[in-house]
Amino acid sequence: MSLWHPDHLGACSVTTSHPMSHSPKRHTTTSDLDRLLTDLPKVWSSFLRDWDRILRSRNHPMTTRYNYILAVSQLARYLAARSVDGDTWAAAQDPTAVEKQHIELFQAWMIDSRSAATALNKHKALQQFLKWLQLDEEEIERSPMDRVKQPRTDELPPVTQGGCYLDRVGDAGMVVGSAWVACQAASYSSGLSQPRSFWMRSVL
C-alpha cells in the first residue's frame, strides 16, 4: 500500500490489495516523507519527522499518518505564503510560534477554498500535532487549538477512498477546483475487482 505519488507533491496513489490477499504491507519510507516535507522550513520539517516517527511507534495507520502530516504541512505552507505579514513570519519558521489567530486564518481559508468538512478534518489533525508539541515534547505551554472552535458543518464528511479525501466532486465524478491530481483506490466493497480512479487536491 502506498499513499505517496512519485511525481506529485502531496498527491496520493493508493493501491489496495484484496482483503484476502497476503501481500506484505509497504511502510512509509524516508524518501516518501521527504516528498511531503519538500521546501518546508527546517524547524517544521524536523518536528514533523519526529512526529511521524512517534506515530509509527504507536502503530497509527499509514492513512492516518498521511492525513496528519499533510494537514500540518499545509498549515506551514499557508503561513509561509503569508510570511510578508509580520504577524505570521515567526510561525512560518517555527510551529512553536503558531498562535490562535494563525489557526483561525488557516481554517477560514480551508473553508473558503475547500469545504467546511475538509476544514474540520484539518482542525482535528492540527489538534493532535499541537497536543503532541505541548504534552509530549513540552515545546509549548498551551496548545492554541484549545481556544479554536471546530468549524461548523451541516454537510456530510468528505468522501474518502483509501484515505484520500475528496471534498468537491462534480456531476461527472471530477473534482471541482484547481491543483487536483489523480488518486487511485480499489473499491472492493462495491464488488469491483479493479482499482477505480478518483481525484484529490494536492498540497497547496
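Colleague: At what angle do α3 and helix α5 pack?

Modeller: Bear in mind that this is a predicted model. The two axes, for α3 and for α5 (residues 100-113), are 10 Å apart. Angles from 65 to 115 degrees count as roughly perpendicular, and that makes α3 roughly perpendicular to α5. The packing angle is about 100 degrees.

Colleague: How many charged residues are there in the contact of α3 with α5?

Modeller: From α3 you have Ala71, Gln74, Leu75, Tyr78 and Leu79. On the α5 side, the contact is made by His102, Ile103, Leu105, Phe106, Trp109 and Met110. Sorted by class, they give 9 nonpolar, 2 polar and no charged.

Colleague: And α2 with α3, are they roughly parallel or antiparallel?

Modeller: Helix α2 covers residues 42-57 and helix α3 residues 62-81, and their axes come within 11 Å. They cross at roughly 170 degrees, and the crossing is right-handed. Anything over 145 degrees counts as roughly antiparallel, so α2 and α3 are roughly antiparallel.

Colleague: Which residues of α2 make that contact with α3?

Modeller: On the α3 side, the contact includes Arg65, Tyr68, Ile69 and Val72. By class, the contact of α2 with α3 has 10 nonpolar, 1 polar and 3 charged residues. The α2 residues are Trp44, Leu48, Trp51, Asp52, Leu55 and Arg56.

Colleague: Which residues of α6 does α2 meet?

Modeller: The axes of α2 and α6 come within 11 Å and cross at roughly 95 degrees, so the two helices are roughly perpendicular. α2 brings Trp44, Phe47, Leu48, Asp50, Trp51 and Ile54. By class, this contact has 9 nonpolar, 1 polar and 1 charged residues. The α6 residues are Ala125, Gln128, Phe129, Trp132 and Leu133.

Colleague: How far does α6 reach from its first C-alpha to its last?

Modeller: α6 runs over residues 116-136, which is 21 residues. At 1.5 Å a residue, the expected value is 30 Å, and the model comes close to that. Its reach is 29 Å.

Note on methods. Residues are numbered from 1 along each chain as its sequence is written. This is a predicted model: local features need pLDDT of at least 70, side-chain atom pairs count only at pLDDT 80 or more; totals for chains, interfaces and linings use all residues. Side-chain values use heavy atoms; hydrogens and water are left out. Axes are lines fitted to C-alpha atoms, for helices over the stretch in contact, and angles run from 0 to 180 degrees between N-to-C directions. Helices (H or I, at least four residues) and strands (E, at least two) are DSSP runs, numbered from the N terminus. Angles under 35 degrees count as roughly parallel, over 145 as roughly antiparallel, 65 to 115 as roughly perpendicular and the rest as oblique. A crossing is left-handed if the near helix is turned anticlockwise from the far one by less than a right angle, and right-handed if clockwise. Contact means heavy atoms within 4.5 Å. Ala, Val, Leu, Ile, Met, Phe, Trp, Tyr, Cys and Pro count as nonpolar, Asp, Glu, Lys and Arg as charged, and the others, Gly among them, as polar. The expected span of a helix is 1.5 Å times one less than its number of residues.
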